[in-house]
Amino acid sequence: MDNFRGPVKADCEELLARFQATESVRYEQFLEVWRDMNFSSIFYSKPEANERRMFARLIMSVASPYFFPPYTFQIRVAGLYLLYGLFNSQLITPKEKIRIALKDWEDAMQFQRDAVNAQHYDVLYIFRKLLSDKAFYFTAMPTPLCYGEKKEDRKKTEICEEFVDPSSRPQELITTDVLEEIGNIHEHYEGMKKSIFAEPDPNLNLIQQNLVPKLNGAILTYSSWQWNRTESEQQQDAGEGPSNQESSRRAQLIASIKSRSYGQVAEASKSRRHRQTQLVPADGADFSQKLPSKKKRSPSLKTRTQLRFNTQGNESEGLTRLWCLSAVKEEKAPEKRKKKFNWNPEKSSDPS
Amino acid sequence: MAARSSLMHEEKQLENVPAYEFINVNSNEFHIGTFRDLWLDVLNPKVYSYCNSAPEIEDVEFIEEMGIEPKTLEELKIICSVDSLRSGHEDADNVPSDPHLSTLKLRKRRQDYKETLTRDTVDRHEVYANEMEMISVGKKPDNPRDLIPEGEIILTFNIMYPILFQRFKYVRAYQTLHVLGSQRLSDLRDAICCVSDLQVFGEFSNTPDMVPQFISKDHYKSAFFFFNGTFFNDARFPECQDISMTTQEWARTRDFPDFKTAKMEDTSFYDLKMKVGFPYLYNHQGDCEHVVILTDVRLVHQDDCLDIKLYPLITHKHRVVTRKCSVCHLYISRWITTSDALAPTDPCLFCDQCFRMFHYDDKGNKLGDFLAYAYVDPGTFN
């Protein structure tokens with residue numbers, strides 16, 4: 001089921017991005033995007049109860065982080081709407097719940113207060129509706145944890161940067177109060193140092209001069225730089241001309257390097273002559289067959305035993321099967337090898 | 001003074017808000033009882049109660065708190081109606097043929113692939129798993145006294161199986177148990193099922209009918225949990241020994257800090273300080289060691305199984321392929337023989353019936369020379 005995590009995340013982010021583009025927090029707008037994408041169909045599947053439940057659990061765990069910081073208020077609203085939509089359109093009973101951790105509850109309450117202050121009644125109504133519908137599990141941690149589980153790829157926890165406010169940590173750190181405090185301490189420090197030296201040498205710099213104005217200046221430069229950068233990025237995004245061309249040029253370059261390196265085949269050593277490498281054109285289908293062979297498993301014990309007994313059994317046909325004490329019936333036709341499901345078609349095929 | 005004590009109190013509270021110690025691996029250590037109190041403090045009792053409050057009351061409250069007109073609320077209700085979320089597509093049991101969501105594209109491919117597999121039999125195990133779920137889902141007790149009190153906590157434990165087979169090194173086989181916060185550790189111990197509790201010792205080839213009904217569980221009752229630096233020993237029966245002593249003495253000679261001991265029947269989960277997602281130990285039958293992981297802690301929900309008698313509740317069991325009798329290939333093995341001249345392999349497995357027909361004559365006299373032991377299949381709990 002974890003294989004669905006990537007696509008689900010992509011779908012949710014597309015929905016959120018489209019909602020973000022509307023620059024609104026109204027539920028009508030969300031509903032429009034939801035219906036346009038036909039998002040409730042995400043639950044449609046063959047009615048296998050367990051699979052449906054696992055999927056509902058998965059999509060809830062993917063969607064719920066959008067309701068919490070560090071996302072912007074608008075994305076958090078969208079996250080709430082998304083949870084509401086998902087909770088009500090899932091196809092199983094009893095419905096899968098939304099997990100909310102104790103440490104995140106304060107954020108949810110702050111969110112509610114912000115919504116009250118801004119009089120976003122639709123947001124409030126939906127939050128209260130979810131609470132009164134008993135849509136939440138009140139838990140210790142946002143997801144069940146199990147030590148030693150397979151390490152997921154970082155994609156799972158990666159946050160979508162477009163949904164987050166630009167960071168303002170330096171600005172938060174250096175407030176006017178803090179500046180004043182630093183100024184005072186600095187003065188104190190100067191006095192102390194002066195008292196150590198009975199006759200201060202005028203050429204000796206006891207302390208750094210103008211510490212506070214310098215600090216203030218640095219913060220201001222930083223924030224203006226940050227602002228300028230986002231501005232210029234937006235402009236670049238708007239007029240995609242030059243960056244687009246550049247990236248495609250890069251892609252062409254990479255492709256040409258790849259084709260050159262795959263175009264040559266190293267000659268195998270003498271001992272491996274019987275398994276000489278062959279040049280396979282890097283077209284989609286062939287490549288996909290090649291890849292799985294890399295990590296081919298050794299045959300199972302069952303097939304190995306069967307092979308061994310088959311070679312012996314060829315000589316004396318009516319031999320009893322030693323390990324099951326019954327006469328050999330007609331040999332089964334060799335079963336067609338089952339093809340394994342390929343979860344990531346993009347990765348194995350289409351290397352360019 | 002009072003201010004200081006309240007500050008200390010607050011600090012203590014903060015300590016017990018679970019947060020990540022390592023992101024997505026395990027939480028920090030917190031006191032489960034205090035954690036529950038913290039939730040109950042911040043929540044309106046309506047939110048976790050089992051009965052739904054009347055929608056009219058909800059409406060009035062909403063209007064009062066927000067200071068809005070009833071007309072506005074009506075509008076809100078229409079806008080936010082659940083029905084408008086649904087799409088016109090009515091066939092929810094099939095993936096739409098031209099999906100544009102990437103999830104559906106993947107599912108469509110998977111569904112098409114599954115249709116190419118020929119599997120016309122219903123998976124027995126799936127059926128069984130469903131049945132197991134049906135017993136507990138949304139179950140209300142017959143007797144109102146057995147109702148779980150509101151605001152109770154459910155803990156989810158994964159109990160790993162010890163390495164019975166070589167392949168358990170690669171598959172993390174486990175069972176999942178739900179227990180209530182007010183239950184004792186000994187309740188959890190009794191709910192854990194493990195084949196090493198069922199073994200019968202001794203050689204019975206001369207007296208196959210005399211197999212004693214006593215299993216290891218009745219003979220060797222000692223067990224302990226090791227949570228967070230404390231050994232919780234089972235001391236309910238006079239035969240129980242403190243089998244953690246060996247470990248403790250060993251540790252003492254090697255300059256380890258001292259471990260605490262406690263009795264598991266005197267400890268409820270509320271008294272524990274634990275980390276979510278962190279591996280702990282359950283040891284029984286001397287050396288049968290299970291890794292125990294607390295995966296989840298949460299308040300009881302009205303859709304949970306509310307019958308206190310059904311807890312600890314098993315929600316997941318790893319299923320093992322059973323070893324069949326080597327004669328009939330039909331029944332699960334009950335006997336294992338060694339140095340058996342009649343058997344094709346050494347050791348060899350037999351079901352009860354085949355074993356008797358094969359090794360004894362009509363009058364129950366032993367034929368040939370062999371040693372027979374009782375065999376408990378690891379798949380017994382399937």
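In what order do the strands of the open sheet of three strands in chain B come? The order is 14-13-15, and the pairing is antiparallel. Keep in mind that this is a predicted model, so treat the whole tour below as a look at a prediction.

From one strand to the next, the twist averages 30°.

How many bridges hold strand 13 (residues 335–338) of chain B to strand 15 of chain B? There are four, and the two strands run antiparallel.

Turn to strand 14 of chain B and you'll see B:Leu349 standing opposite B:Ile336. Here's a handy rule for looking at strands: in a regular strand the side chains alternate between the two faces of the sheet.

**Where the two chains meet**

Now zoom out to the place where chain B touches chain A. Here 82 residues of chain B are in contact with 73 residues of chain A. About 6,900 Å² of area is buried between the two chains, and carbon and sulfur atoms give 63% of that. Which three residues supply more than any other three of the area that chain B buries against chain A? They are B:Trp39, B:Leu85 and B:Arg107, which together supply 10%.

The interface of chain B and chain A has 10 residue pairs in polar contact, counting pairs with both residues at pLDDT 80 or more. Several elements of chain B each supply at least two residues of the side that touches chain A, among them helix 2 (32–42), helix 4 (55–66), strand 4 (153–160) and strand 11 (288–299). Helix 6 of chain B gives the largest share of that side, with 11 residues. By type, the residues of this side of chain B split into 42 nonpolar, 21 polar and 19 charged.

What about opposite charges? A search over all chains turns up 26 salt bridges in the whole structure, and four salt bridges cross the interface of chain B and chain A. Here are two to look up:

| Chain A residue | Chain B residue | Closest N and O atoms |
|---|---|---|
| A:Arg99 | B:Asp296 | 2.8 Å |
| A:Lys97 | B:Asp303 | 3.0 Å |

The pair of A:Lys97 and B:Asp303 runs from loop to loop. A:Lys97 is in the loop between helix 4 (73–89) and strand 1 (98–101) of chain A, and B:Asp303 is in the loop between strand 11 and strand 12 (313–317) of chain B.

**A few backbone details**

Finish with the backbone itself. A cis peptide bond links A:Pro69 to A:Pro70, with omega of about 5°. A:Pro70 belongs to the loop between helix 3 (49–63) and helix 4 of chain A. Another cis peptide bond links A:Thr93 to A:Pro94, with omega of about -10°. You'll find A:Pro94 in the loop between helix 4 and strand 1 of chain A.

Over in chain B, what is the phi of B:Asn228? Phi is near 55°, a positive value in a residue other than glycine. B:Asn228 lies in the loop between strand 6 (223–227) and strand 7 (230–233) of chain B.

Definitions and conventions
Residues numbered from 1 in each chain as written. Chains lettered and ligands numbered in written order. Predicted model: local features only at pLDDT ≥ 70, side-chain atom pairs only at ≥ 80, totals over all residues. Heavy atoms only, no water. Contact = heavy atoms within 4.5 Å. Buried area = accessible area lost by both parts, 1.4 Å probe. Salt bridge = Lys/Arg side-chain N within 4 Å of Asp/Glu carboxyl O. Polar contact = N/O pair within 3.5 Å; in protein donor to acceptor, adjacent residues only side chain to side chain. Nonpolar A, V, L, I, M, F, W, Y, C, P; charged D, E, K, R; others polar. Pairing = 2+ DSSP bridges. Axes fitted to C-alpha atoms, helices over the stretch in contact; angles between N-to-C directions.
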